[in-house]
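Here is a short report on one protein chain. Keep the sequence and the 3D view side by side as you read.

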Amino acid sequence: MVLNLLFITTVIKSTFGVVTTGLWLIPLMLAAITYYRYDAVDPESRPLDQLNLYPEYDFIVVGSGSAGAVVANRLSEVRKWKVLLIEAGPDENEISDVPSLAAYLQLSKLDWAYKTEPSTKACLGMQNNRCNWPRGRVLGGSSVLNYMLYVRGNRNDYDHWASLGNPGWDYDHVLRYFKKSEDNRNPYLANNKYHSRGGLLTVQESPWHSPLVAAFVEAGTQIGYDNRDINGAKQAGFMIAQGTIRRGSRCSTAKAFLRPIRSRKNFHLSMNSHVTRIIIEPGTMRAQAVEFVKHGKVYRIAARREVILSAGAINTPQLMMLSGLGPRKHLEKHGIRVLQDLPVGENMQDHVGMGGLTFLVDKPVAIVQDRFNPTAVTFQYVLRERGPMTTLGGVEGLAFVHTPYSNRSLDWPDIQFHMAPASINSDNGARVKKVLGLKESVYQEVYHPIANKDSWTIMPLLLRPRSRGSVKLRSANPFHYPLINANYFDDPLDAKTLVEGAKIALRVAEAQVFKQFGSRLWRKPLPNCKQHKFLSDAYLECHVRTISMTIYHPCGTAKMGPAWDPEAVVDPRLRVYGVRGLRVIDASIMPTISSGNTNAPVIMIAEKGADLIKEDWLTNPEYKVKRQANSVRDPEPAGSDIHGISTLPKNISQSDSSNISDRSNMESHFSNSSHISHINLGSSSSNSNSSINDSSSNFTLNYVDS
């Protein structure tokens with residue numbers, strides 16, 4: 001426990017950056033002790049990392065993120081089904097619970113820390129013209145790293161999915177799945193037909209707001225938009241953000257869906273387990289097992305009914321391609337046997353935003369890191385569940401607006417605003433510029449002169465991009481990061497639409513209500529855009545292409561569609577075409593990106609996907625489990641023998657940080673589809689219910705720089 005306390009105190013100390021003497025240590029330690037003990041007695045204690053795994057489960061879910069946690073919860077409701085959930089990362093920690101520290105989780109051990117490939121059309125202000133793409137590598141996935149914003153998208157998004165040949169995915173059908181998981185604690189939304197209480201996922205406003213967000217909502221009304229619930233009857237309008245928080249702390253899908261089922265006897269969780277491929281029998285084209293590496297050993301666990309891929313829009317297509325499912329030419333290039341030629345990894349979409357639009361204010365109403373007293377702020381958060389540490393990653397206001405490129409009569413806005421009472425300059429360069437990967441020259445020239453000044457920002461983001469990116473394999477080695485081509489602004493209309501969104505953002509900032517704060521635009525031009533007249537369309541487009549920010553919403557890489565759609569990877573019941581016993585349930589299946597933050601839609605997809613599985617296996621006579629004559633109904637947990645199925649080569653470890661050429665042994669080990677010829681299913685005398693809470697969190701994969 002002492003080590004935990006020291007860790008918590010150290011992280012808080014480094015986070016605030018103003019704790020410089022030992023005098024601050026005592027109150028921070030007291031606060032940490034209070035928080036740590038509270039978490040330890042929480043009735044929803046942390047899930048356990050199961051070490052004694054069965055050789056076979058009914059369902060194996062790969063990935064415990066916004067989708068996988070939900071799927072595992074719902075499938076394990078059927079007591080006769082044994083469910084295994086596999087997660088590459090460790091459990092959440094005390095710091096990930098703090099909403100305001102969301103940015104500090106990026107580039108940490110909880111983040112895959114992906115980067116896009118260099119671009120000449122976007123990310124021009126980022127190091128090497130590559131945007132950082134955070135993805136959660138932790139129990140709860142990206143719901144642990146994100147800014148917790150609860151946005152469902154637009155009715156027209158889902159009606160459009162249905163019109164593409166996906167029956168049952170229209171808004172009227174999916175609304176009940178949004179409501180199924182929701183426990184909305186905003187009093188003004190009580191008795192609202194679009195919301196519900198009693199679900200597992202807590203949704204509410206942050207208990208702390210700056211005065212600027214009220215002005216933001218009022219400014220929206222001054223330019224003709226209503227203050228409305230953007231998750232209700234209509235979307236266009238302004239509102240104070242709702243988020244997935246509970247008692248002032250982050251409510252990840254791990255906390256909402258996995259902690260309550262930690263004691264279910266038919267549910268097992270394996271953390272720190274890096275899945276390397278899905279084993280598919282070529283003759284029957286059935287997904288038979290999942291292969292993964294844990295603590296240096298290779299496991300192969302069989303799936304009696306189905307394997308569900310919920311690894312996210314980057315890892316799911318990577319795993320599919322490593323398993324022989326993907327574009328034929330691409331797989332053959334890497335020497336992978338093609339089992340099914342599918343457009344896996346294509347159709348990738350993301351919300352891209354224009355960052356760095358900064359407005360200065362004369363009054364101390366913004367979030368300036370060095371202003372806060374760390375003791376007071378920490379105690380306010382720990383003891384009262386209030387204060388600035390409860391802000392949703394700093395984002396306070398949301399809005400959906402129409403540019404001239406959208407059809408106002410449809411209530412289908414094409415631009416979303418994120419409003420925050422801070423900007424790139426607010427932390428004196430301590431963290432935000434690193435998370436963005438911003439070039440030092442850009443920061444020093446534009447933002448360093450206003451470091452620690454009171455400021456706020458509006459970030460316009462493109463809701464329905466026309467450009468499409470892709471995910472490709474770097475090699476056949478599952479430990480090599482994939483190639484991510486965001487392809488932002490490949491369609492010129494995307495940049496033009498975002499420019500129009502920036503113009504509306506400037507109108508909002510010029511509203512009369514902001515005059516009380518002395519609000520004004522910081523008019524320092526970006527160094528690579530000086531050739532354009534400041535705020536002209538050409539300048540704004542240059543700005544859009546320079547500080548291009550992912551909003552962390554990649555999707556579409558295993559597209560859902562009917563059999564006649566040449567781009568489809570899964571059918572409307574989320575079954576992979578041409579493969580039995582394999583489904584994809586995560587953001588990958590979105591035919592087109594939803595209009596807004598994607599965490600809530602992914603949870604909805606998981607709720608519906610779990611119901612589809614239950615319908616098929618509980619009511620459809622075609623779904624039957626074929627058992628061998630000597631099979632047992634309830635296999636005993638495998639002992640140490642199955643844990644030693646295979647080991648990594650002695651000169652290779654999961655923490656190997658050498659370059660690709662030095663990892664040829666690892667690559668050849670995993671490229672050989674038959675490197676394991678025998679599985680010893682002998683049971684041991686170990687306790688079948690034994691499991692431990694593995695909280696060491698030392699499982700790290702140091703990859704070659706991608």
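Is S206 buried or exposed? S206 counts as buried, at 6% relative accessibility. Buried means under 20% relative accessible area, exposed over 50%, and partly exposed in between (1.4 Å probe, protein chains only).

## Model and confidence

This is a predicted model: local features need pLDDT of at least 70, side-chain atom pairs count only at pLDDT 80 or more, and totals for chains, interfaces and linings use all residues. Residues are numbered from 1 along each chain as its sequence is written, and side-chain values use heavy atoms, with hydrogens and water left out.

The predictor's confidence in each residue is its pLDDT, from 0 to 100. The protein chain averages 86. A score of at least 70 is reached by 82% of the residues. Residues 1-26 stay under 50, and the model has 36 contacts for them beyond four places in sequence. Residues 627-644 are also below 50, with 41 contacts beyond near neighbours in sequence. Contact means heavy atoms within 4.5 Å.

S206 lies in the loop between strand 6 and helix 7 (211-222). Helices (H or I, at least four residues) and strands (E, at least two) are DSSP runs, numbered from the N terminus. A polar atom of the S206 side chain lies 3.2 Å from the backbone oxygen of W208. A polar contact is a pair of N or O atoms within 3.5 Å; within protein, one must be able to donate a hydrogen and the other to accept it, and residues adjacent in sequence count only if both atoms are side-chain atoms. Beyond four places in sequence, S206 touches A241, I245, T390, T391 and L392.

Two strands pair if DSSP finds at least two bridges between them. Strand 5 and strand 6 (residues 201-205) run parallel over three bridges.

## The annotated binding site

UniProt, in an unreviewed entry, places the feature "binding site" at V138 and V275. They are spread over 138 residues of sequence but cluster in space, with a largest C-alpha distance of 13.8 Å. UniProt positions follow the numbering used here, feature names are shortened, and annotations may be inferred rather than shown by experiment.

V138 sits in the loop between strand 4 (132-133) and helix 5 (155-163). V138 is buried, at 0% relative accessible area. Its contacts beyond four places in sequence include S64, E87, D91 and L145. V275 lies in strand 12 (residues 273-281). V275 also counts as buried, at 10% relative accessibility. Its contacts beyond four places include V62, I86, V290 and L319.

Helix 15 (residues 537-546) is mostly covered, with seven of its ten residues buried. Those are Y539, L540, C542, H543, V544, R545 and T546. They pack against strand 17 (352-354), helix 14 (492-509) and strand 25 (548-550).

L535 is in the loop between strand 24 (520-521) and helix 15. L535 is partly exposed, at 27% relative accessible area. Not counting residues up to four places away in sequence, L535 touches L506, L521, R523 and L540. L535 and P525 are ten residues apart in sequence and 9.0 Å apart in space, C-alpha to C-alpha.
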